[in-house]
Every structure is written in C-alpha cells, then in structure tokens.
Amino acid sequence: MMELNALRQFLVVARLEHLSRAADELHIAQPSLSRTIARLESELGTPLFDRGGRLRLNDTGRLYRDHVERALGELEAGRRAVLDATDQGLGAVRLASETFLTLTGPLAAFKRSHPAVEIQLHWSPPEDMARRLRAQEIDLCVASQSIHAEGLEATRLFDEQVGAAFPLDHPLAGRASVAITDLADQPFVTARNGHWLRRLLDRLFAAHDLTPKIVCESDEHSAIADLISAGLGIGLVPASARRSNTRAPLAWIPLDAPASRRSVTLYWTPDSHLSTAARLMRTTITDWNWTASAPSSP
C-alpha cells in the first residue's frame with residue numbers, strides 16, 4: 001500500500017528531477033528518499049525515471065505524476081471542505097502570482113470587506129502554477145502567460161500594451177514610437193528567464209532574428225524601472241506600471257510591434273475544490289474595475 005508521504009516525496013523528485021535537491025527541500029536524507037522512490041517503482045512494477053546520466057521523469061512517470069497530483073489535490077480539497085463546513089469563519093485563501101504589484105487594489109478591497117479571512121500570497125513562476133493548482137497547494141493564480149492544463153478554469157482580467165522605457169536623456173526618448181530593429185544594439189535591463197517580461201523580450205527579438213543585449217537581469221522586478229532611470233540600460237515596461245506614484249522618471253515609448261502586449265488571466269480549479277474564502281476572492285478579482293486600474297496605452 002503506497003503511503004501518502006511517499007507520493008508527496010515522489011512529486012518533489014518529479015518536479016526537480018534531482019535526488020539531492022529534492023532531499024534538501026524535503027529535509028530528509030538522500031538515501032532514504034532513494035529507497036522511497038525505489039519502493040514506489042517496485043510496487044508499480046515499472047521505472048518512473050530514466051537514470052542514464054541525469055535523473056529524468058519518463059513517460060510512465062509523467063502519467064503517474066498527473067494522477068498523483070489529482071489524487072492528492074482531491075484529498076486536500078476534501079480536508080479543506082470539512083474545515084470550511086465546520087468553521088464559523090470563511091477560512092483562508094491562497095493566491096499565487098508572478099507579481100503582486102498589479103493586485104494591490106483588489107487585495108486591499110478584499111481585506112477591508114473580509115478582515116477575518118487569512119490571505120496567503122505565494123510567488124510562483126507560471127510553469128509551476130498548473131501543478132500547484134491541481135495539487136491544491138494554491139486556490140487561485142494570476143498569470144501574465146498562458147497556462148495550458150486540463151481541468152483549469154480561467155477568465156482574462158485585462159490586456160495592456162508593453163512599451164520600451166528609456167532614461168529621460170536617451171537619444172530615443174523623444175520618439176513617438178520605436179521598432180524592435182531600433183533597439184538591436186541597446187543594453188537591456190530585464191527579468192530573469194521564465195518571467196513573462198523576459199519571454200516577451202526574447203520573442204519580440206526572435207521575430208526579427210535578433211538577440212537582445214542584456215546587461216542586467218533582476219529578480220527584483222519593481223527595481224527594473226529604477227535601474228533604467230539610472231541609465232543602466234533600457235527595458236520593457238507594461239502600461240500599468242506607469243501609474244505608480246513612486247515610479248522612477250523615465251520615458252515610456254510605444255513599440256511598433258502588435259505582439260508587444262501583456263494579457264493577465266486568473267486561473268482556478270473547479271468550484272468543488274474552492275473554499276468560501278477562495279470563491280469570494282475570485283469574485284473580488286474578476287469584478288474589479290481593471291479598465292480603470294490598467295490604463296490604456298498612449
């Protein structure tokens with residue numbers, strides 16, 4: 001009989017495809033984790049990983065991973081449903097996003113309306129969001145990139161233009177618009193690989209068989225505008241970021257590229273998995289006046 005703990009450990013190994021890193025994350029000894037995976041494969045009668053050089057989840061392992069995620073997600077949904085049914089309060093809501101700067105308005109409104117609800121915020125890259133939703137680690141997620149997974153529901157919150165930001169004294173700062181080819185030799189300040197801003201930058205340049213010249217990759221995405229203003233380079237900045245009262249002084253110029261847009265979407269699992277608090281948060285986010293919050297581009 002497979003133990004739940006063994007299944008949870010398998011999911012971590014499947015995600016990281018590395019035994020020592022998985023053991024560190026789980027705070028257990030690597031030999032113990034190896035034995036757990038070996039026992040699981042023995043019970044199933046087939047390997048779940050390819051071990052030629054580097055540990056890789058094989059096709060059977062991916063099939064099993066999807067079922068384990070759904071099974072553990074159902075158990076977690078059941079646990080939370082029992083707590084929700086027996087608790088006089090509304091419970092807690094767990095929200096994941098690539099950035100919470102866009103969500104400060106609806107989050108503040110929700111907290112004012114439901115002060116007793118515990119809000120748990122989780123930073124998450126988009127490639128982890130579908131897995132975390134299926135496993136019931138989070139209730140809702142907001143992504144600036146499409147998430148492709150079965151069983152998820154979604155609603156688009158808003159779509160906005162992404163422009164090029166320059167220091168005020170930059171030679172291109174006075175232009176009405178700029179083309180990607182105008183930026184071929186410019187130094188870029190941007191986010192790390194995987195973030196929507198970096199993926200958009202790479203995609204726009206690749207359409208012209210170009211590679212952006214990146215001089216700074218920042219984990220602090222709110223600092224990108226400050227670094228551009230300081231003269232370290234130029235970068236892509238969404239239209240909504242310009243409404244901040246604390247924004248750095250810079251010139252925001254529309255790009256002559258129709259694909260230079262950001263589409264922000266809310267994702268969740270079926271309602272049967274959502275707590276009362278999560279459903280209330282979903283309503284607050286979807287009913288928010290995003291037209292006013294995310295201004296149109298000039």
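1. The crossing of H5 and H9 is right-handed, meaning that the near helix is turned clockwise from the far one by less than a right angle. The contact is built from Pro 106, Leu 107 and Phe 110 on H5 together with Ala 277, Leu 280, Met 281, Thr 284 and Ile 285 on H9, where contact means heavy atoms within 4.5 Å. By class, these residues comprise seven nonpolar, one polar and no charged.

2. This is a predicted model, in which local features need pLDDT of at least 70 and side-chain atom pairs count only at pLDDT 80 or more, while totals for chains, interfaces and linings use all residues. Residues are numbered from 1 along each chain as its sequence is written, and side-chain values use heavy atoms, with hydrogens and water left out.

3. Helix H1 (residues 4-16) packs with helix H2 (residues 19-26) at an angle of about 135°, their axes lying 9 Å apart.

4. Ser 144, in the loop between strand S5 (140-143) and strand S6 (153-166), is buried, with a relative accessible area of 11% (buried means under 20%, with a 1.4 Å probe and protein chains only). The side chain of Ser 144 makes a polar contact with that of Arg 262 at 3.0 Å, a term for a pair of N or O atoms within 3.5 Å, of which one must be able to donate a hydrogen and the other to accept it.

Methods: Axes are lines fitted to C-alpha atoms, for helices over the stretch in contact, and angles run from 0 to 180 degrees between N-to-C directions. Helices (H or I, at least four residues) and strands (E, at least two) are DSSP runs, numbered from the N terminus. Buried means under 20% relative accessible area, exposed over 50%, partly exposed in between (1.4 Å probe, protein chains only). Ala, Val, Leu, Ile, Met, Phe, Trp, Tyr, Cys and Pro count as nonpolar, Asp, Glu, Lys and Arg as charged, and the others, Gly among them, as polar.
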